[in-house]
Every structure is written in C-alpha cells, then in structure tokens.
Amino acid sequence: MADNAKKRKQTSNVGPGNAAKRTRFSQRPQHVIPAAPTSNAYPNGEINVKNFLKSHENEIKSLENAMKVAKKGLSRRAFQDVPRELRRRTASHNPQRVPKRLRVRARQEAKEDNTPIVRGTSGSGIGKGKKKHLRREGREKSRQEWEKRAKKRKGKDDATAAAGKDQDGDALMEDAPKEVTKPAPKPKTKRKFPSLATPATPPSRFRRRQRDKTWLPTHVWHSKRARMTDPKDPLWRFAIPLQPVVKAYRLTHRAATQRGAVAWDMSYMSTLSLEGPEASITGLLKGLQFGLDCTEDPWQTRGRAKKWRNGTRTWEGWICEREAKPPRRIAHVTVIWCVPEADSNKRKAFIRVHPSAFLQLWNEAIRIAKVQKPAVTVRDLRFEIGSIEIVGPAAAEALCSVLAPMSTANAVHEAPQSVWPMLASVTDAACLPAGALLAFETSDPRFRDPPKTTPIAQDQESLTTLMETLATWPVDGTQNVASIFDTDARLTAQRTLPSQKSINRRKSTCTLGEVPEFRPTDPRIPTLLFISRESKSWKVLLPWKCVMPVWRQITRYPVSTGGNPRFGGLKERRQVDFERSLPHFPYDYPGTDAGWAWELRERETRKHEWTKRPKGKRIEWSTIDLGNGRKGEVGDPWACEWDQLRPDSVSQAPFRQLSSGQAIDLVNGRSTTSGASSSPALFAVKITMVQRGVPTDCARIYRIPTDPDLRSKWLALLPQPSGKRAWKKQHTLINGNAAEHIQRRDLARKLLESPVPDAGREDYPLVPGAEDLIGFVTTGNYNLAAGMPTAIANVALHRVLARSSEEGIGQADRLIVRVSSDMSEDRPADDQGEGVDAAVALPSDVLAELTTDILEDLLSNIVFTTALSCHRSEKLLRMQSAATQAESIALANLEPQSQKQNTNGATSIPIAETPAAKYENGRVFLKGNPLKTTPEIICPHCKLPRLMYPIMGKGMQNPDLTKEYCMLYPWVQRSGHDVYGNPFPTDMAKSKKERELIKQQQKNAEKESVGTPGSQDTDMAGGDTKEIKLNTGGKPASYIPWHTCPNCKRSLLITRFAQHLEKCLGISGRQSSRNAMAKLAGQNGTGSGVGNTPLGSRMGTPAPDLASGAPPKSSSTTTKAKGISPVKKLDPAADDDADELAGPDNDTPERRNKIKKKSSYIKKADRGSGVGAATAGTLKVKLKTGRPDLERKHSNASERSDGKRDREGDEGGAEAPHKKKIKLSLGAKADRARASASLEPNGGASPE
C-alpha cells in the first residue's frame, strides 16, 4: 500500500477552493437512468398492475444496462474497449493510439491512475532518436530562406524603379516599342502511333501531389483507412493501397471463403480498346498468340468460343511476344468482345491487362495493328474505365443491391436486366458459366442510400428457377450492345453525375425510406459485369468517375449474415490467390518482364527492411553455418538469385515462363527439350511442408543431393509411400476397431521408433550444395485454407532435368517437389479453363490408375457400409426379440396378487429363461449370439412374430397360415400395387349394379372351381397365381374415401361431396335464391320476425298465408321440432300420406314402396337428444294400434316427422287425424324430465 500511495496522487480535502474529485464514470447517456411518469398507473387511486409495470419497464431496462456498463467500466480501460482488429500494444500508455471517441476517457484514466503519458515519436513535427522535431526545424529553415528571397526580390524592384527616373525624378524618354514578330508555327507532323492517355487534370489543391502519379477514384477514401504506397515511390505510376491499417489477415480469409465479401478498387488495371473489322481484330489477337496454351481452342466455331466472339462471354489467357521463338509470355489478360451491331461491319473489343505489362503489350499491339488490312484502331482507356473486384459468398448479394438495372424500351423477358436480380442468392461465382457476362445500364446508387439488405429467396421454387437459369443461361441470346464500349455514353454518364449536395436536396423532399423519382437528366451509368472462374470473383467495369459512388455503397451494404463487405489492398489480393494455391501475376511469374521487374524492386525493399533493424534483432546471413566449413547464405540473401540458375551456354538469355501443361510434359518426358536448350525456362510449383516450419519469400529449393549418404538421410525424413491420407485412415481404423493386443503392439512400435530430428540439431542432414539448387520461393506463408504452411515457388527446368534429360525426372525427386498439376484442388496452377482436359491434366495411364483406385475404394465403402448397417439392424431386432420373448414368459408365469407372498412373507421375483435370453427382476441377459439363438423376430408391441418375407410380389414366400402374425408386414414390390400391397385405383367408382354383377361373377367362378379335377394341383403349381389372404389392412382398388357433411352430418363419397355441400349450405341452386328472397322479406317484417335470416334456415321463411291475408294458424296444430337439415325436408303432404297409411285400408304394395323409399336418416345430434330444445328434458312414448308392420313403418315416419320442422300451416286441416299428446310428469319439480305419449285413434280428434 505504501508503494501505491507514493505512485498515485493523494486526495485533497474538498473545500471552497478544492473541487470534488471526478467520479469514476462521467454522466454518459448509459449512466443517466430516465424515469417515466406513473400518473397513468393510478387512474382512480387504484393501482393497475399492468400499467404500473409498463410505466417502469424503461427504468428497469436502463438500470440493468447501467449496471452492466458500470461493471465493465470497473475492470476495463479505454484501450480495452477498442475492437480487436484496432488494438495496439502502445495504446495503454498513449491516448493518441485509441480512436477519437475514447481519447478523452483514456487521458482522464491515465491522469487518475498517475500513468505516465508517452507521446508518440512518429507524426507531424516529431522525429526519432537524437534528431527529434525535424519537421519543426525544417519549417523554420524554410521560413528564413523565404524571408531572404523576399528581401532580395524587394531590393531588385527598388533598383529597377530608381534606374527608370532621372535626377529630377521625371520619367526617362524611351524608344518606341518595337513590333514583336511571332515565330512561324511549326508544321504538325502526323503521328505514326496513337498517343497514350493522360489523366484528367485534378483540382488545384491536389494537383501538386499528382505530378508523378495518378490517384485512383477512391484514393481519398482509402488514404484514411489503408497504408498507401510511398508518395515518392509510386507503384506502376499509381497511388495504390497496400493493406488496411487494421489487422486483416484472418478476417480476409473468413470474408473471402466463409462469410461476407472482400472488395478491391482495381481501377489501376489497364484497358486497351480495339476497333475494326472482325477479321483484323482476330488477326491481331492471333499475332499475339492469344490462347496458345489454353486447353480449349478459342478460335473454334462452336461452344464457348463462338459465344465469346459473339460478345456474351469473356476469355482469359496469355499473350506472348510476336516474333519470339519459342513464344515468350507477356502477361495474363482478359479479352471482351462487344456484341455485333446490326448497322455496322466493325467490331469492338477490350483487352484488360496488368499495369506492369501495359507498356510492353501496347508496343506489341501497335506494331501488329499497323500491318492489319484493314487497320485496327488501338486506344488507351486507362483513365476512362475503372473497375471493382469483389470476392466472397456475399459478393453477388451486395452487387445486386447496389447495381439496380434501368429498364429499356425493347427489353425482353430473359434480358440481363431481368436475370440479374435472380443471382442474389449465388454464393460461389464458379457455379455460373465460364466467363459469364452481363451488360446493362444502372442508376446512381446514391439515390438509394443507405443500402438495404437484399431479400434472398430460399423457397424451393425460386431455387429451382435459379438452377434452370444457370443451366440454360438465356443471356447468351438476349444480350444487347454494351454501352460501356461507346465513348459518348461513358462521357455523358460522368458529366451528368449529380453532386452529393443536389442528391441530398432531392432526398429531403421525400419521405423516410422513399427513393426520389427518376428524371431524364439523371445519369445512366454503363455497367459491365463478368466473372472469373480462375479467381472465383465478380468484376465490374464502370466509367472512371462513377467508381466512387458504387464503391461507397458496396462498403456500406449490410450483409445478410452480418457486418459489411471488407476492403483489401495488394497484399490481400495476393493472399486470396495464395490460399487457393494459384500463382499471382506478376509476383509469381519471374519468367516475364513484369515479374522480373517486380523481383528487382522487392530486393531493394527487403534489404532496406533488414537494414533498418538493430543488429541484435536481425539475421546475420554472413555467419550462417551450412556445414562442411561453408559460411553464409548462397547468393544474395534478400533476393531470388535467378542468375545463378542460368546455364553456362546461355548466360545472357532471359528466362521464359512455362505453363503447367508444358512443364508436366517436359518433366514426364513426353515432350522434347529443344526449346529449353535455347533459353532457360521456369515453371511454378507448390511446396507442402513435411515437417515444422513456415516457408518465406526467397527461401531456397534444393533437389535430393547426389551424395549417397546425404541422399539417404534426406529420404529418411520423407513420409511413407502410402501417403499421409492412407496413414491417417489406417491409424483411425486401428484405434477404433482393432483388438486390444494389436493396439498395444502398435503403441509399442510407435514408442520404439526413432524420432525424426528437428532442424538445427547435430543429427539433421546437411544443406545440399549450390549445384543442387533448383529454385526459389516467391510466395510463402501459413495457409489458413489448407491449415498448414505452404508456398508457391518457381524452379528452373534445366536443373530439374539435369540428371535425366531424356527419361524425365526420377521417382525420388517427385517426392520433394510437386509440379503445378497439384496447385489447386482439381486444376493446374495457371490453367483454369473449361473441359475435361483442363480439369484433369494427367497422363492417360496415371488417370486410368487413379480412376480405378477411386472406384474400388468407393464400391468397397458402399458395400461395407450397407452390410454393416444391415447386420447391425438385424442383430438389434434379434436381441429385442429375445428380450421380448423372455419378458412375455416371465409376465405370463407371474402369480396373481393374492398369491404373491409366500408363507414366509417373501415377495416372489419374476424369472424366466429361454434359449436366447434370461429375464430376472426386470433385467434381461442375452445368451450367445442372437443371430443364432433367436430364429424369428418378435414385435415388442403386440408380442406376435413378424413376417420375414412379403406375402406377394417380388421375393414372396407362403407363410404358415396356422400362426398369427404382426400387422407390420414387409414392403411389397409388385407392379400396380403400393408398398402395402394395395392395388392402385384404375377407374372411378362403379355403380351399384356393376358392383353386384362383379360379385356375382366372382361367386360363380368360385362355385365352378370347387370340386373340379386337378384344382389342387393347379393351386400347388401356380407360384404367384394364388395369393395369401391375410388381414393387411389395405383397401380394394375400387375403394373411394367418404366424408361426413359438417352441416347435415351425412356420410358421402368424396366424389359427390362437393355437389352435396353446395346444395346443403345453400350456395347454389334454388335454395340460394329462396334464402335471398326470404332475407329481403324478413327485413320488411313479413317473415318470422327474424331481422337477418341465416343462410339455409327455414326460421326466416315468410308464411305463405300471411302474404295472401289469411289468418295465421293455431300453434296447437303445428308440430315443433329441431335439428332438421335445410336440404332434407318433408313437405306436409308427406305427413298426410304417412297418417293415411296408418289405416288398414291403405295397405297396398304401392304405398309400402313409397314408405320404403323415404329416408329414415336422423341427425346424430338429434339421435342423442331425442327432441328439440323446446321439449328438452321430456320423454316420448309412442303408442300405435293396427297392424304391426304398418305400425312400425308409421312409427319410423312419425319419428322422421318429429325430428323435422313442419310448416306454419297444414293444408290437411280437420280432415287429417290429429295426434293426442299426453304429458306425464316424472317428478315434482318443474325442471325434471317429462314423458309424452302420442295416441293415434281410428277416428276423431281430441284436444291436447
């Protein structure tokens, strides 16, 4: 505590002169807890719990939030609240190292804790070491020199003024001014070559800083967020961002491969425009040997090559020097044709090339263009066309949101404008056709600021449509002429681009979230998008000044998976290709002029970085011990010494770069090496580390030395020939399934093996000599995608083939260096074309052997997995059957409840034992192998044996019909039947007569078959003709489901259910019109008194007698009932006929048939309740006299009539016999049930 007291400042007494000590936390918004008024919680002096809690909801949340913030504030400093990618080691004692929003808090915390604040020694006016404040001294010195020049200039002016006057002070007489003759203008010489493009004049405040270089359209945006190239040392005459200032190595890997996107401003890429007849442009490209090493010929008249020349695809390939023999590569370019115009015989094309090789390609193209007949016009469009490249799963999503196509008058259904929004859900650009291209005009994306997340369709229909679009790609037939090829369209889009101030003014007049209306003066930005399968990226071509609006919207787009697209520099672009094991131009191509210039530049940079380090923190290359008395690194340690790899015969010849296909053929001995003898050649390879260590740039690559002892030591470090993957598989199988003694044996063998020596130990092999050096590493680091250190290197071909130039490389050397066919997952390093030849660049014998091995492994895995799953499932069923059988026997032998206890009072334990299992007190113990001890499978639910084979169809067997089987039958494989054995319905339901006819025919067939000679033999001989009749629960083929009407509770077939429902609900037919008329009449008071008649009800039907003026009938003559369907009704004549048929005189067959035809259906609700609501709680007793059969029929008719509503009036009047109802009370209380009897005498009527 004493030390703490000395270190920290002591608190002073608070008084009038001393202010109170500042609190730990300032009154920030999260610490000020707002309180809402609670007057509405007490409306009448009574508390409302819901309103009370709601009024304090914000206070509770604010309090909890303040507690969390206070808890973090006690344990976290200002520099610890910075995001992880922004953290710096010096931020704890330098407030300038944290963002501006935290600097005040950091200074206050340092002041309270008495932490010394260290001001950085890098910035404005500050130097390092002994010479600090260099810029301050420089500014003072410049000011003094300026004052001296000003005094000297003033003295000259005074002397001139004094010399122009005489002694009196009058002006001297001068001679008349001589006429100045202008020199004659020089005649303009006609240019022999087109001039190079010059950038537009920048604003005056930025003009001085762009004298020796050009800024990208997004330079100001990048300069605040990225490390730029040195102002005095630009790269390719551009100020290019190198890398973000934040930590971005892992974040770039995640965004480019897993989630998000990474964007680059690629406007520094150069564009050449070719215009002329198609034959001349084709001759120019062929003269540059474009597509010479491609696996697919770009000049064929079919397939992708034809689409490329029609302007609907792009093509990537190498361009070589015109007269070089053998061909010497210049650069890797992309050629884009314009769609041919209908009224012009000229074509246009773009060549996109890296700026490091632009000047060389420009000179070659100009020379070839002049010899073409007719000539080809070549233009430099470097500062007219800019570009953006974006990589990642969310690349298409971001572009679809930012680039909104503008509709055109003659747009078709499958035009690029309509196809483009469908591609938002594409997460991999490689799934699109190779070189896919879309060209359309877009609106200014600033009008839709801020950008919104694009809704991605995930339903099956949208995904199916997307797959069909990607498979057919209709854009090949609907692509129009791209306006970006037109110079006037590009310039118009740049000139009409509105300022941000005018856009804000227009947006202020709109409501929140509304996009301003399009005006004819708004720009139509020419846009061209294409994909690169090699880099799996989207590339967008735009006019130069239109890049910044699009770039700003891309970086602000909210990705659906979270976050925003990241931006990258040159290092991030190189990293993405490195993780995909692709060499990047020009860094990994030292055999080209651009790659050689980059290597010379990097030598100086690496040496400068090494020189800046203190001697104690840098490697002294001159003292490295290589063994055998050798000291120092081979060659220049900061450079890839390609000059040391030159053969003696061609010491001055430049290197040339070989493609993957050429290198594979030369290494395998399938091609001659005549070209290699004339000039040295290099080719790219991939390096995978066998042991620990991370390869870096300029690392040396050696072949296996020729010394036998040293060669054996190096070969001992290599893995076994079986390979790493096979060793892992074998190791996993042994650990998982091997016996215990085998595992112990393998463990002992592993422990007794001699460990592999690490680099730097005495027993580690010596470094080979300079004669075994074959190449250098151009790019090396830890590969996050592969999960191990890898490298991309270049090796000299003549050094690889030095041992056996005619027979090819030996097997031992193949284990050290892997050629470029393994550069990527399925394709060579720099050859990513389409087709089978590009996908597998292997010899025929190797490909056949590899295919055979893959198929054998695949078939063996399938057979093993299938057999294992079947065996396991069958064994589990047998084990379950054995346990079920033992349990059933134990429960069957269990004593009753009364006899459970013995005489001694002990409880009996259920025990049962079978040949397969033993059951004891709820536990089952299996005996032996259940596949042998359990012959059949027992169902655990019904305790019945299951059928092992189907009862019909394929693989059927006749079961034992004396047994009862489980209802879970095996699936049936039989044509015309489902898996349950039910036949498929072949036609609609037959009529009743047809069904009876079919049944009669079946009965006759059965009668004829009974007792016929040889019928038994026929049944025995027929294999599948006689089916086993078991209760499978299936339905016949003629079965049609039925359904119950929700209104009338009738059960009807589904084929007639819809027609019935329309009539039952009164939706159609005569009943609907009647209900409408009844509803209208009921509103006028002429109905039953109900204002709004329900649909399908008779309650609101107007009485027919009321309309004619007849007096209403007595209620005593009306039979009341409830529950009748509005469709199935009985008219009064039906009741009269039923009463007349009750007499013995009306017993005729016609009357009996009439009674039989009448439906006796009663609603289920009425069956249970008996009578309606009016007679609820009563009991009906029907007493009939007369013949029994007539009484029964009349009773049915009476029940039917009682269960339905009668009309208001009965036309029968006094002639119809009246019913006599007798009410019998069954209890004293009024609410108890009653009984009523209905007497029907032969004559006369008695009142109720």
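Guide: Happy to! Two strands are said to pair if DSSP finds at least two bridges between them. Please keep in mind that this is a predicted model. With that in hand, let's turn to strand β8, residues 329–337. On one side, β8 pairs with strand β9 (residues 346–353) in the antiparallel sense, over 4 bridges. To find your place in this pairing, look for T334, which stands opposite R352 in β9. β8 also has strand β7 (residues 314–320) as a partner: the two run antiparallel and are joined by 7 bridges. Here a handy landmark is R329 of β8, with C320 opposite.

How enclosed is this strand? Buried means under 20% relative accessible area, and 8 of the 9 residues of β8 are buried, so the strand is largely enclosed by the rest of the structure.

Next, the nonpolar cores. The largest has 46 residues, and those touching the most other members are I390, L399, W420, L423, L432, W473 and W538. Helix α12 (395–402) is among the elements that each supply at least two residues of this core, and α12 gives the most, with 6 residues. Leaving aside neighbours within four places in sequence, I390 is in contact with several residues, including L399, W538 and I554. A second, separate core of 34 residues includes V333 and V335, along with L288 and Y589.

For a contrast, visit the surface: L855, L858, L859 and I862 form a nonpolar patch there, with about 380 Å² of accessible area together. I862 belongs to helix α29 (residues 844–892) and counts as partly exposed, at 46% relative accessibility.

Definitions and conventions:
Residues are numbered from 1 along each chain as its sequence is written. This is a predicted model: local features need pLDDT of at least 70, side-chain atom pairs count only at pLDDT 80 or more; totals for chains, interfaces and linings use all residues. Side-chain values use heavy atoms; hydrogens and water are left out. Patches are made of residues with over 30% relative accessible area and no salt bridge: like charges are joined within 9 Å, nonpolar side chains (Val, Leu, Ile, Met, Phe, Trp, Tyr) within 5 Å. Accessible areas come from the Shrake-Rupley method with a 1.4 Å probe; for residues, only the protein chains shown count as cover. A salt bridge is a side-chain nitrogen of Lys or Arg within 4 Å of a carboxyl oxygen of Asp or Glu. Buried means under 20% relative accessible area, exposed over 50%, partly exposed in between (1.4 Å probe, protein chains only). A nonpolar core is a set of buried Ala, Val, Leu, Ile, Met, Phe, Trp, Tyr and Cys residues joined through side-chain atoms within 4.5 Å. Contact means heavy atoms within 4.5 Å.
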